Amino acid sequence: MPSRGEWLRRTDPEHRAAATPRVLLFALLTGLLTAWLLYDGVGVNLLICGAVTAVGAGLVAHAAGRRVRPWTVIWSLLALAMLAVPALWDASWPTVLSVGGALGLASLALHGGRRWPGVLFALPAAVWQSVPGVGWLWNGLEGRPLPGRGRIVPVLKALAVAAVLLTVFGLLFASADAAMADLLSGLSPSFDLRQLPLRAVLFVLGALTALGFAHIAAGPRRWDRMTVRPGRERRRLEWALPLVALNLMFGAFAVIQAVVVLGGADAVLGRTGMSRSEYARQGFWQLSVITVLTLVVVAVAKRWAPRTTPADRRVARVLLGLLCLLALVVVASALGRMWFYVDASGLTRLRLWVLVVELWLGVVFLLLITAGLTRGAGWLPRTVVLSGVLTVAVYGLIGPDAIVAEQNVARYERSQQIDLRNVRELSADAVPALDRLPEPQRTCALQLIRTDLADHPSAWSATSRAADRARAILAARPLADDGPRETSACRRAGLRIDPYF
């Protein structure tokens, strides 16, 4: 049995290009851009830093003789699209998801995995490639003459001497003459030493990220070479009996749902003592857990499925396919119950996110059924990942906070009911929708957002389009209360708020 080190050695690249001074230049440039642009927050600056990192990695890959493949272009474009989310929307949770997804996709684009090991191990590989990238850069530059050293070093020395002289004599002139002090203070750049630690951290983080991706581009590990042996084959009865029982339970659930949806539900609802809407809203979270556990069962059962004879393989395909098909009924039931839940109680961030995840799980089951009906399933790993990243990208780009606010305002316009405690916690993305509320609900809903925008002014590169739009709306239509911490509007709207909270 191969050792863990042997498994890892199988993935070693055939050749890794040496680091060049150009790599160092791009790493330093990315670090400086990160320290300069990301200090005030994230916005379009994240896309700029990501584009510079991508250019550096692309140049290293070209120097290593690597070719651009279609999937590389797809992963790269999706990664850049995810980095555009903070430039459009202000909410933090979609930004975190998008940044994590962009890092994983950029790593996958450089690795180029096809099979499950190649795809799954490539996604987080950028995390542990940053530190080895420093050693790769050191080994590549060690003993290598610096281009243009004869011209660069004298210039650097002259600049250092000039800086020292100007600092010493400038301080003396400023202390001797007030007009000179005013002139020099206007010419000298202002710099807050309290910013130095965070900017230093951002510089190191940006440089290490650029080095990590350049290190991957120079010679990625071939995770596809990892061999994952199937589990020990079980006898047909031993393997099939649990799945048959599980399919029967799923089938019973599907029949009950059909009875409730298509009519004749009086007997079912009479036994439970619930109304139709109460029955529909019950059990969404349990059904979501069932959906995830079903995927785990399918993966485990596939690993130990009987496969000696064509009949064994046919039985495995039929039982697993039937389980996936019945799981779609569970997905549809969960989505329907959440629809009633949202209609009765309003939409929240968590409910929207779980709805999106549930939809994606339904897509995964459809892909598994399609793979079972086709001869080859080599397309499945990348397609599942593609469906997942498209889900995260669409979720971030549509502005979830804006959708939550829109649904709650529409519900208020329809039924005069709104959960102000929920919408008060939304980001600036929600302002256009919440601005349609009447007073005092409008002021109560927008107070915290106004305070957050006032307390965190951002530079052009660290703000979003949604934040700029929210500031314009609040400037055109100021809130009714005088102070940002006032709670009288919420009291008039029927919501008790602790003024000291």
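Let's start with arginine 471: at 27% relative accessibility, this residue counts as partly exposed. On that scale, buried means under 20% relative accessible area, exposed means over 50%, and partly exposed is in between, with a 1.4 Å probe and protein chains only. Aspartate 468 is also partly exposed, at 41%. Their side chains meet in a salt bridge, 4.0 Å from N to O. By salt bridge I mean a side-chain nitrogen of Lys or Arg within 4 Å of a carboxyl oxygen of Asp or Glu. Helices here are DSSP runs of H or I, at least four residues, numbered from the N terminus.

Quick housekeeping. This is a predicted model, so local features need pLDDT of at least 70 and side-chain atom pairs count only at pLDDT 80 or more, while totals for chains, interfaces and linings use all residues. Residues are numbered from 1 along each chain as its sequence is written, and side-chain values use heavy atoms, leaving out hydrogens and water.

Okay, how many salt bridges does a search of the whole structure find? It finds 9. One of them joins the side chains of aspartate 12 and arginine 221, at 2.6 Å from N to O. Aspartate 12 is in the loop between helix 1 (4–10) and helix 2 (21–37), and arginine 221 is in the loop between helix 11 (196–218) and helix 12 (236–262), so this pair ties together parts 209 residues apart in sequence.

Then there's glutamate 406 with arginine 436, meeting at 3.1 Å, N to O. Glutamate 406 lies in helix 19 (residues 400–415) and arginine 436 in the loop between helix 21 (431–434) and helix 22 (441–455), so the parts they tie together are 30 residues apart in sequence. Glutamate 406 is partly exposed at 35%, and so is arginine 436 at 40%. There's a network too: salt bridges link Asp435, Glu439, Arg442 and Arg477.

The axes of helix 2 and helix 11 come within 7 Å and cross at roughly 145°. Those axes are lines fitted to C-alpha atoms over the stretch in contact, with angles from 0 to 180 degrees between N-to-C directions. Contact means heavy atoms within 4.5 Å. Which residues meet there? Among them are Phe26, Leu32 and Trp36 in helix 2, and Arg199, Phe203 and Leu211 in helix 11.

Conventions. Helices (H or I, at least four residues) and strands (E, at least two) are DSSP runs, numbered from the N terminus.
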